[in-house]
Amino acid sequence: MSGNYKDNLPWVEKYRPDNLEEVYGQGDIVNTVRKFVESGKLPHLLFYGPPGTGKTSTIVALAKEIYGPNYRNMVLELNASDDRGIDVVRNQIKSFASTRQIFTSGSAPHFKLIILDEADAMTSVAQNSLRRIIEKYTKNTRFCILANYSHKLNPALISRCTRFRFHPIDEESIRSRIDNVVIKEHVNITPEALNALLHLSQGDMRRSLNVLQACKAATDGDDDDSIDVDMIYNCIGAPHPQDIEACLDSILQDDWTTAYLTLNRYKTTKGLALIDLIAGFIEILSRYELKPQNRVHYLKGLSDIEYGISKGGNDKIQSSAIIAVIKQAMEHEQQPTTK
Ligand SMILES: Nc1ncnc2c1ncn2[C@@H]1O[C@H](COP(=O)(O)OP(=O)(O)OP(=O)(O)O)[C@@H](O)[C@H]1O
Ligand SMILES: [Mg+2]
């Protein structure tokens, strides 16, 4: 791939790992699948876990390591959610698996690899027939099934595979990858903004790269091209912590009417959603030293309200309920102190 071609790609593609060394934060999984390959005994694989954690990247990097230049002939990538009908999938698999490999040489493995991406989007009928297909072609193919949710997969399908759960990537691993990109792309970002980016990405490397690229594009050409905390929050669309704190302070310290008006003001001027406020309050309150029964009280109350909002509950009533729950939970606390 030439440098120029790569320059126009979104960063998530430009910095997609080329080999297993470049897969960050999933060390255990990488080591295990490598061992399978070294021993020549690759089972069918199932990778599942949240988005942007490296499932597709890992299997593509692994396949590149196994097949090298023969990748195109030996690997079939199918996106199961593109075409939910099993007939298409079955035909493609059949013609791919039944053609003989002309390229196997020396140490190269004697099986082909079929990557079935987003398999949890397939209908259960399709998944059912897939298990027969897997058995039929096991002699000369290996399947790698990728999904976000394992509970949406047919148990019989799962039991034919060795399962790996991809967890959200830890902040330090995302930091190492992002540091790399920051240098290569000449990004000017403050340390606080970088911390906020890592925190808000919640283990999703795709999100962190996308947000960084969007912020960089927004500052390009400006005199001051440095990316600050506010830009990161605006770009992700997350509420600013100081706004959430201001709302919570008002609930804790002001009388009921003032607190209600403050909440309303932030909702209208800053576009804060009640759901985000609840999540923010819980995060802040979890850092307070509180009596267990009071903690239970606000957690239960706020989760009920969250459910009410998701069911379309009236915004004004739910706002009032939030104030009521927090005020009541804190009623019997002395000065709350942070842990
Ligand atoms: N562990 C990782 N190490 C390095 N880069 C990663 C990692 N995970 C994700 N990325 C980056 O994020 C992009 C998307 O990752 P990938 O497609 O592998 O995610 P995924 O787990 O398959 O997500 P989805 O469930 O949405 O398909 C990659 O192109 C890569 O740039
Ligand atoms: Mg994927």
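Helix α4 gives the most to the lining of the largest pocket, with five residues. Keep in mind that what you're looking at is a predicted model.

**The pocket**

That pocket has a volume of about 1,000 Å³. Its lining is made up of 38 residues. Nearest the centre you'll find E13, R16, T56, S57 and V60.

**How the chain is divided**

| Domain | Residues |
|---|---|
| Domain 1 | 3-165 |
| Domain 2 | 171-236 |
| Domain 3 | 241-338 |

Going by C-alpha atoms, the centres of domain 1 and domain 3 sit 45 Å apart.

**Helix α16**

Now for α16, which runs over residues 292-310. This helix has 19 residues, and from its first C-alpha to its last it reaches 27 Å, close to the 27 Å expected at 1.5 Å a residue.

Which residues of α16 are buried? The list is N294, R295, Y298, G301, L302, I305, G308 and I309. They cover an arc of only 160 degrees around the axis, so they end up on the same side of α16. The general rule behind this kind of pattern is that an α-helix has 3.6 residues a turn, so residues three or four places apart point the same way.

As for what the buried residues pack against, their partners are α15 (274-285), β6 (288-289) and α17 (315-330). After α16 comes G312, whose phi is positive, near 90 degrees.

**A look at Y260**

Y260 is a residue of helix α14, which covers 256-270. Is Y260 buried or exposed? Its relative accessibility is 15%, and because the cut-off for buried is under 20%, Y260 counts as buried.

What does Y260 touch, once you set aside its neighbours within four places in sequence? Its contacts are K316, S319, S320 and I323. Take K316 as one of these: Y260 and K316 are 56 residues apart along the chain, yet their C-alpha atoms are separated by 9.3 Å.

Conventions
Residues are numbered from 1 along each chain as its sequence is written. Chains are lettered from A and ligands numbered from 1 in the order in which they are written. This is a predicted model: local features need pLDDT of at least 70, side-chain atom pairs count only at pLDDT 80 or more; totals for chains, interfaces and linings use all residues. Side-chain values use heavy atoms; hydrogens and water are left out. Helices (H or I, at least four residues) and strands (E, at least two) are DSSP runs, numbered from the N terminus. The expected span of a helix is 1.5 Å times one less than its number of residues. Buried means under 20% relative accessible area, exposed over 50%, partly exposed in between (1.4 Å probe, protein chains only). The arc is that of the directions from the helix axis to the C-beta atoms. Contact means heavy atoms within 4.5 Å. Domain bounds come from an automatic or database domain assignment. On a 1 Å grid over the protein atoms alone, a cavity is a set of points where a 1.4 Å probe fits but cannot get out, and a pocket is an open set with protein on both sides within 12 Å along at least five of seven lines; lining residues have an atom within 4 Å of a point. Grid points are joined across faces, edges and corners, and a volume is the space filled by probe spheres set on the points.
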